[in-house]
Amino acid sequence: MVDMHLHTTASDGALSPTELVEKAYEKGIKVLAITDHDTVDGLEEGRKKALELGIEFINGIEISCDWLGKEVHILGYFINCEDEKFQSEIMALREIRENRNEKMLEKLEKNGIYITLEELQEEAKGDILSRSHMANIIMKKGYAYSKKEAFSRYLGQHGIAYVPKSNLSPDRAVRIIKENGGLVSLAHPKLITRDRGQILKIINGLKKVGLDALEAYHGKFQINDVKYYMDLAKETALLWTGGSDFHGNERDIIEIGDGEVPMYVYEALLIYYEGRKI
């Protein structure tokens, strides 16, 4: 079984890279990719543990983007972590995220909710601080009963502390990954919009700058969703990718391996990637 969409404590996951790979091994995963948000910090540790356990490991990343007010995520695979230009781009993403976090903490304070940057860093465990970590603290301090409430009242698009993202455009994210030599997939299209016309517009625009694949398998997709996005990938001459989008926290019930990605999906990607390098 394959899982090419997994998160660790390097971003907003609950498990360390080592713990994640160990759990994947217990679940029978043969191929996995760690795809933390806007960082590759967990890859070295994850690769080391995967090598020990005999799991095929793919360097991955998930870059957060904005397209006409919609959140679009771009997955990158076979990332070269030694690429200095790529590392510089990732550091710039981190600075954008840090600026946004500071503004949201200020808004929370103005509304009587006090969270320090130190508390947020302690909650995060890794270097990437997110709204998910803020939501955890809000719950612990009794300002909300659930993560859903924390987002709806405070952190979501209509929340009192919300600050719009200053993310990269999706086409810039695709270019960054392609310049690095990686393979690019559009993550969970169903979670972007159900509007087929808009998805096609995004796909066609991103294909012009190097989009390789569409995430047709996902932990939140039903069988009819998988078929729909597989057909859409065929229609637009794209490959398929897939994974659970596991985070390991209470915000969802997704487990490693959910999405049930067959081995041939990875094999087709590998053939394509290796062939492109020749």
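This is a predicted model: local features need pLDDT of at least 70, side-chain atom pairs count only at pLDDT 80 or more; totals for chains, interfaces and linings use all residues.
Trainee: What value is phi of Asp-38 near?

Mentor: Phi of Asp-38 is near 60 degrees, which is a positive value in a residue other than glycine. Asp-245 also calls for attention, with phi near 65 degrees, again positive in a residue other than glycine. Asp-245 is found in the loop between β7 (239-243) and α10.

Trainee: Is Asp-38 buried or exposed?

Mentor: Buried means under 20% relative accessible area, exposed means over 50%, and partly exposed lies in between, with a 1.4 Å probe and protein chains only. The areas themselves come from the Shrake-Rupley method, and for residues only the protein chains shown count as cover. Asp-38 counts as buried because its relative accessibility is 3%. Asp-245, at 9%, counts as buried too. In the chain as a whole, buried residues make up 55% of the 278 residues.

Trainee: How many helices and strands does the chain have?

Mentor: The chain has ten helices and seven strands. Its radius of gyration is 18 Å, close to the 19 Å from the globule rule for 278 residues, so the chain is as compact as a globular protein of that length. That radius is taken over C-alpha atoms, and the rule is 2.2 Å times the number of residues to the power 0.38. The C-alpha atoms fill a box of roughly 55 × 45 × 40 Å along the principal axes.

Trainee: How many salt bridges does the structure hold?

Mentor: Side chains of opposite charge can pair when their charged atoms come close. A salt bridge is counted when a side-chain nitrogen of Lys or Arg lies within 4 Å of a carboxyl oxygen of Asp or Glu. The structure holds 17 salt bridges.

Trainee: Which residue forms a salt bridge with Lys-49?

Mentor: The partner of Lys-49 is Glu-22, and the closest N and O atoms are 3.7 Å apart. Lys-49 lies in helix α2 (residues 43-53) and Glu-22 in helix α1 (residues 17-26), so the pair ties together parts that are 27 residues apart in sequence. Lys-49 is buried, with a relative accessible area of 16%, whereas Glu-22 is partly exposed at 33%.

Trainee: How far apart are the closest N and O atoms of Lys-85 and Glu-179?

Mentor: In the salt bridge between Lys-85 and Glu-179, the closest N and O atoms are 3.2 Å apart. This pair links distant parts of the chain, with Lys-85 in helix α3 and Glu-179 in helix α7 (residues 170-180), 94 residues apart. Glu-179 is partly exposed, its relative accessible area being 45%.

Trainee: Which residues gather in a patch of negative charge on the surface?

Mentor: Patch members have over 30% relative accessible area and no salt bridge; like charges are joined within 9 Å, and nonpolar side chains (Val, Leu, Ile, Met, Phe, Trp, Tyr) within 5 Å. Lys and Arg count as positive and Asp and Glu as negative, while His and the chain ends are not counted. Each charge is placed at NZ of Lys, CZ of Arg, CG of Asp or CD of Glu. Here Glu-95, Glu-98, Glu-102, Glu-106 and Glu-109 gather in such a patch. Glu-102 lies in helix α3 (residues 84-110) and is partly exposed at 41% relative accessibility.

Definitions and conventions. Residues are numbered from 1 along each chain as its sequence is written. Side-chain values use heavy atoms; hydrogens and water are left out. Accessible areas come from the Shrake-Rupley method with a 1.4 Å probe; for residues, only the protein chains shown count as cover. Helices (H or I, at least four residues) and strands (E, at least two) are DSSP runs, numbered from the N terminus.
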